[in-house]
Amino acid sequence: MDKKTLVKYLKSLGIEVHTTTKARGHQGFFCNNRIDISKNTPENRVIPTLLHEFAHFVHSKIEPDMMKTGGTFQKLFQTDNPIIEEELFRVTNFVDENSLCVRLTEHKERIKAEIKKYDENIKKYYPNFQRSKKFKEFDKYIKKSDARYLLKYDRVKVMGGFLGFVPKIYTINTIEESFPNMPTAFVNYIRLKSCIRKQSRITARINKLNKYYKRPTELFARFVEGLYLDREWVEAIAPNTSKKFFELLSSGYYGNLEDVVPRY
């Protein structure tokens, strides 16, 4: 089924379809019986994206509140077998490489290495230093220094001078220039704290993405998308899910989805 035929079919079901919008999703979006496909979506991604959004439409007929709740495996597959979720996530990794969070994970590893480096440098001067405990020597030193602002921010503007009208800019990268008398261990500690903040942000981002990708409704939609991209491979990496899906599909459980899922 080509793009034109698929769009015509979806419209025949009463779905409002737009293929030249900005779309609120990455490439497509479904809401209130309407499917939007971004005008920036590559041509080879239009049909998979339409099928992905149509899967959401089908799911909404099974679970009307799925947009809010994310859906359930019990409703989608009539089972809570944990193997279903495991297999679906493998399919999601195949369909959307962003779900692997490769760049974020690599960035996190680089930050982790930096934290270790700064930790080791501090211990050259303070062998008993532990990240989990207060660094009393540093706390005492930093108390009256503007450098204390860098413990929370990588770049700050501090008002100073006469009547406080002359701003001073401090950054993580220019600590030595701004505070030439600061001991090396303390410079490393400020940068260590910056890395820990970055690590926390990356972890939060990864957790947020995993939460999104592992919503039953998203796993189901990418499964349908995967069947179009490579049904044979999807059945190989998700045998239990595929068997259950096609049983329900043949029984009419997924309604009109049966008309667009590729068959041998």
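## Tyr253 and its contacts

Setting aside residues up to four places away in sequence, Tyr253 contacts Ile62, Lys75, Leu76, Gln78 and Leu248. This is a predicted model. Tyr253 sits in the segment that follows helix H11, residues 239-250. Its relative accessible area is 25%.

Tyr253 and Phe186 are 67 residues apart along the chain. Their C-alpha atoms are separated by 64 Å.

## The nonpolar core

The largest nonpolar core holds 72 residues. Phe245, Tyr254 and Leu257 have the most contacts inside this core. Helix H9, residues 184-213, supplies the largest share of the core, with eleven residues.

What does Phe245 touch, once neighbours within four places in sequence are left aside? The partners are Phe77, Phe220, Phe223, Leu227, Tyr254, Leu257 and Val261. Two of these partners, Tyr254 and Leu257, are also among the core residues with the most contacts.

## H6 against H9

Helix H6 spans residues 102-125. The axes of H6 and H9 come within 9 Å and cross at roughly 155°. H6 is therefore roughly antiparallel to H9, because angles over 145 degrees fall in that class. The crossing is left-handed. The residues of the H6 contact with H9 comprise 14 nonpolar, seven polar and seven charged.

Ala113 belongs to helix H6. With a relative accessible area of 47%, Ala113 is partly exposed. Ala113 and Lys39 are 74 residues apart along the chain, and 41 Å separates their C-alpha atoms.

## H5 against H10

H5 and helix H10, residues 216-237, have axes that come within 8 Å. They cross at roughly 85°. H5 is therefore roughly perpendicular to H10, because that class runs from 65 to 115 degrees. By class, this contact has eleven nonpolar, two polar and six charged residues.

The H5 side of the contact includes Phe89, Arg90, Thr92 and Phe94. The H10 side includes Leu219, Arg222, Phe223 and Trp233. Phe223 is also one of the contacts of Phe245.

## Thr92 in H5

Helix H5 covers residues 82-95, and Thr92 lies in it. Is Thr92 buried or exposed? Thr92 is buried, because its relative accessibility is 0% and the limit for buried is under 20%.

Not counting residues up to four places away in sequence, Thr92 touches Ser99, Tyr213, Leu219 and Arg222. Leu219 and Arg222 are also listed on the H10 side of the contact with H5.

Most residues other than glycine have a negative phi. Asn32 has a positive phi, near 50°. Asn32 lies in the loop between strand S2 (28-31) and strand S3 (34-38). Its relative accessible area is 70%. Asn32 is therefore exposed, as that class is over 50%.

Cys101 also has a positive phi, near 55°. Cys101 is found in the loop between H5 and H6. Cys101 is buried, because its relative accessible area is 6%, against a limit of under 20%.

Terms used:
Residues are numbered from 1 along each chain as its sequence is written. This is a predicted model: local features need pLDDT of at least 70, side-chain atom pairs count only at pLDDT 80 or more; totals for chains, interfaces and linings use all residues. Side-chain values use heavy atoms; hydrogens and water are left out. A nonpolar core is a set of buried Ala, Val, Leu, Ile, Met, Phe, Trp, Tyr and Cys residues joined through side-chain atoms within 4.5 Å. Buried means under 20% relative accessible area, exposed over 50%, partly exposed in between (1.4 Å probe, protein chains only). Helices (H or I, at least four residues) and strands (E, at least two) are DSSP runs, numbered from the N terminus. Contact means heavy atoms within 4.5 Å. Axes are lines fitted to C-alpha atoms, for helices over the stretch in contact, and angles run from 0 to 180 degrees between N-to-C directions. Angles under 35 degrees count as roughly parallel, over 145 as roughly antiparallel, 65 to 115 as roughly perpendicular and the rest as oblique. A crossing is left-handed if the near helix is turned anticlockwise from the far one by less than a right angle, and right-handed if clockwise. Ala, Val, Leu, Ile, Met, Phe, Trp, Tyr, Cys and Pro count as nonpolar, Asp, Glu, Lys and Arg as charged, and the others, Gly among them, as polar.
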